[in-house]
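Me: I'm new to this one. Could you walk me through how to read a few of its features?

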Amino acid sequence: HIPGEETREEFLSQRVATIGRRSSNTIQVLAPIVSGEHARIELTPKGHTITDLNSTNGTYVNGKRLRPMQAHLLASNDIIRFSDDLGNTVQLTYIAPSVFTGVETARPDRQQYQIDTQVGYIGRNPKAAITLDHPAVSWNHARVLRRGDDRFTIQDLSSSNGTFLNGKQLRQRQEQLLARGDVIQIGPFNLVYQGQGVFIPYSAERNFRLELVDLEKTFYPTNLLGLPDRSRPHTVLKQVNLVINPREFVALVGGSGTGKSTLLKAMSGVSRATAGAVLVNGDNLYEHYNLYRTMMGYVPQDDIIHHNLPVQQALRYAARLRLPDAEAGEIEKLVSGVLEKVGLTAQADTLVRDLSGGQRKRVSIAAELLAEPWIFFLDEPTSGLDPGLEKLMMDTLRQLADEGRTIVLVTHATRNIIGHCDQAAFLARGGELAFFGPPDEALRFFNVEDFADIYTRLSQIYPPDGDTPVPEEIQTEYQAARRENPTAPLLAGPLWAARYRKSSLYQTYVVKRQSGEVARPDTGRRLKSGGGLGEQVRQFTLLARRYMELIRRDRFSLAVLLAVMPLIGLLLLLISDPASLVGHSPEQIARILEAEGVYTIVNKAQTLLFMMALAANLLGVFGASYEIIKEQAVYRRERMINLRLGPYYASKFVVLGLFAVLQAFLLLLVLALRVDFPASGAVTWAPLEYYFTLVFTTLASVALGLFISALASSRDMVIYLVLLAVFVQIVFSGAIFELSSLTRPLSVLTISRWSLEALGATTDMDALNSLGQVRVEREVDIGRGVQKVVEDFPTTVDFYINYTHSGLALVSRWIFLWLHTIFWSALAVWLIKRKDEI
């Protein structure tokens with residue numbers, strides 16, 4: 001098949017057939033990308049083979065390039081493709097003659113495995129009793145145990161992706177008795193138990209079928225309390241039925257707001273439909289999500305890799321997260337393989353942020369290919385690309401489909417659909433399926449010459465006055481709809497959808513493909529994916545390392561995290577009295593009274609302590625407030641695979657906490673250059689107490705910042721939430737404004753109040769307050785005239801908060817700071833999970 005031309009059949013009647021551009025070839029292909037003599041097909045006792053004849057652009061079979069002059073045995077339904085670097089392509093599909101019907105692409109492996117020992121392991125380990133070589137399979141995934149002469153049990157060994165028995169996930173370390181006919185599902189492999197320790201393996205690779213049955217999606221707007229308003233439903237998908245066969249490349253097409261991305265998310269399980277079912281090889285995807293999640297790849301519109309890492313390093317981290325027990329050699333081999341597959345080997349050491357938009361999309365695709373998925377979903381992968389790059393992207397996806405993957409993508413670009421896609425699904429406004437079938441059939445169905453005209457036809461509105469002409473093809477549907485709604489404008493999309501459901505195309509490409517399964521409610525309870533405490537620790541370590549590297553490569557962020565507190569300390573030195581925290585000697589106090597008439601050092605102490613508390617607070621809030629929202633797309637994709645919420649949050653908190661430990665020390669170190677610290681605090685050495693208070697304050701503030709990042713719906717929203725949080729910290733701290741009976745309860749929710757009270761408890765604010773004096777000069781009549789008398793009177797400041805100088809007071813404030821840390825952390829984790837749609 002040559003894009004833009006009619007598909008033709010060629011019979012291999014000769015023992016040797018050549019393919020090329022010259023007329024002397026058995027099969028002449030008049031396309032510039034085909035060499036004069038491009039390839040040779042030869043009949044052998046085993047079947048037909050194909051050999052590339054040193055062609056310019058190469059020969060690909062199922063997406064893999066053949067070595068020149070080396071014969072490759074063909075299997076029925078193999079995809080042979082000639083393509084160049086610009087995305088131009090010619091496709092041939094090999095159909096084996098009847099004598100070779102036993103040669104199939106995705107055939108079951110009839111090899112039998114016999115477990116004749118007390119324990120037999122199943123996994124990726126070459127020494128296992130049953131070796132299953134796939135990234136979704138753990139090194140030692142499960143084991144079969146003999147429990148008598150003819151009784152065998154199976155046990156999952158805390159595998160990363162779980163072991164399933166007859167569709168139900170086994171609990172970790174749980175033994176389950178096997179019966180004849182039981183099906184054990186591990187990754188893309190099925191092991192059918194035959195009894196007596198015998199298993200027959202089947203591989204589902206290159207053989208995944210996707211079926212949508214009466215799929216619907218309804219959204220409900222939220223009220224002021226954030227709860228869904230069930231009285232105002234908004235349906236974005238309406239009874240969508242379609243079937244995608246293995247190895248098909250399908251485009252979801254339609255105007256803006258027709259529900260394409262919503263349909264893709266429902267098909268992939270990212271966001272479940274509210275009615276209907278998604279079937280994978282007959283299994284309900286939503287009920288068996290853990291079984292199929294490792295076999296699905298999903299590339300959203302946003303990049304799912306971090307921009308501040310080199311391409312190769314970003315893929316290494318992605319591989320280690322997806323393949324927890326893979327050795328370093330395996331990781332390197334996988335990364336190199338996927339880079340070659342997407343054509344980015346030369347950009348391996350380039351920072352992701354320095355790549356073009358098309359190249360970044362390829363990196364996202366490469367990240368998904370690491371786990372060797374066989375169903376691939378892509379949302380607008382060609383968005384923002386120029387026509388040339390768009391064509392190359394479609395050619396890359398076509399090659400992935402040729403390898404045996406089922407590929408579904410959402411796209412607005414239609415110029416390359418005919419040349420690359422097997423099927424196209426057009427959605428009309430309201431979420432109805434207006435067409436599903438081969439792209440060239442779509443042009444005939446809508447009676448147009450260009451795909452852009454299909455958009456126009458589906459977007460038309462027919463007012464009741466009849467001013468807009470109605471196409472003849474949908475006159476019947478229009479008249480029926482007009483009788484029901486004589487005065488309302490009618491949308492063209494639902495009319496075309498109604499026509500399609502009555503057409504022979506619907507019977508051919510939907511009804512006859514359907515399995516007959518009906519949509520059932522999702523009643524399955526999904527177990528968590530594999531991985532106990534050890535797996536969570538491993539994930540935390542990996543995520544923390546990646547986060548540290550991201551900070552290290554972001555020089556501006558690193559400079560801020562390292563330098564901000566010393567800079568604040570230098571600014572405070574410019575305005576602080578060296579004796580602010582210890583008071584002056586009596587002689588110094590006398591000189592101050594002589595010069596100024598008043599001495600209240602405690603006000604200066606409170607100001608300095610408040611600025612120290614506020615600096616720690618702002619550092620934590622600003623440092624953490626963007627950390628979750630800025631990588632939302634990365635998080636959601638990794639969460640779909642096997643990312644655990646605890647390690648993810650802990651990696652952010654701990655790394656930022658380490659910087660807090662350093663920053664608190666640097667602040668005190670700078671202040672110590674000029675400010676005298678008390679020798680002893682409420683419990684121990686005062687600088688040590690200051691240090692712990694500042695560290696605890698920053699940690700609590702980091703938790704608050706992460707809460708803000710989880711709460712924000714966009715990056716633009718973060719700064720306003722931070723401004724509100726900082727304003728609350730200042731107003732209700734008790735350092736500036738008096739706390740009334742109404743505002744005092746609110747101050748409990750401010751980190752700055754507890755930080756300030758803890759710093760004050762160390763400083764002994766009452767002792768400093770007792771040093772306050774005011775000099776009063778008055779005239780006294782002593783009988784022999786008036787004499788001026790100067791007297792010094794003690795004066796104290798009434799504090800708005802409690803500065804009790806005791807160990808109990810200090811420790812209780814530290815406890816409140818840790819309660820803040822726990823409270824905001826819990827809220828942040830809850831919000832992240834609430835946004836979780838998987």
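Me: How many salt bridges does the rule find across the interface of domain 3 and domain 4?

Reply: A salt bridge here is a side-chain nitrogen of Lys or Arg within 4 Å of a carboxyl oxygen of Asp or Glu. Between domain 3 and domain 4 the rule finds 0 of them. Keep in mind that this is a predicted model: local features need pLDDT of at least 70, side-chain atom pairs count only at pLDDT 80 or more, and totals for chains, interfaces and linings use all residues. Residues are numbered from 1 along each chain as its sequence is written, and side-chain values use heavy atoms, leaving out hydrogens and water.

Me: Where do those two domains run?

Reply: Domain bounds come from an automatic or database domain assignment. That assignment gives 210-295 + 373-515 for domain 3 and 539-837 for domain 4.

Me: And how many residues are in contact there?

Reply: Contact means heavy atoms within 4.5 Å. On that basis, 7 residues of domain 3 meet 5 residues of domain 4.

Me: How much area do they bury between them?

Reply: Buried area is the accessible area (1.4 Å probe) that two parts lose on being put together, summed over both. For this pair that's about 510 Å², with 38% of it on carbon and sulfur atoms. On the domain 3 side, V270, Y289 and R293 lose the most, together 69% of what that side buries.

Me: Is Q539 buried or exposed?

Reply: Buried means under 20% relative accessible area, exposed over 50%, partly exposed in between (1.4 Å probe, protein chains only). Q539 is buried, at 0%. Among the residues Q539 touches are L321 and P647.

Key:
Lists of a residue's contacts leave out its neighbours within four places in sequence.
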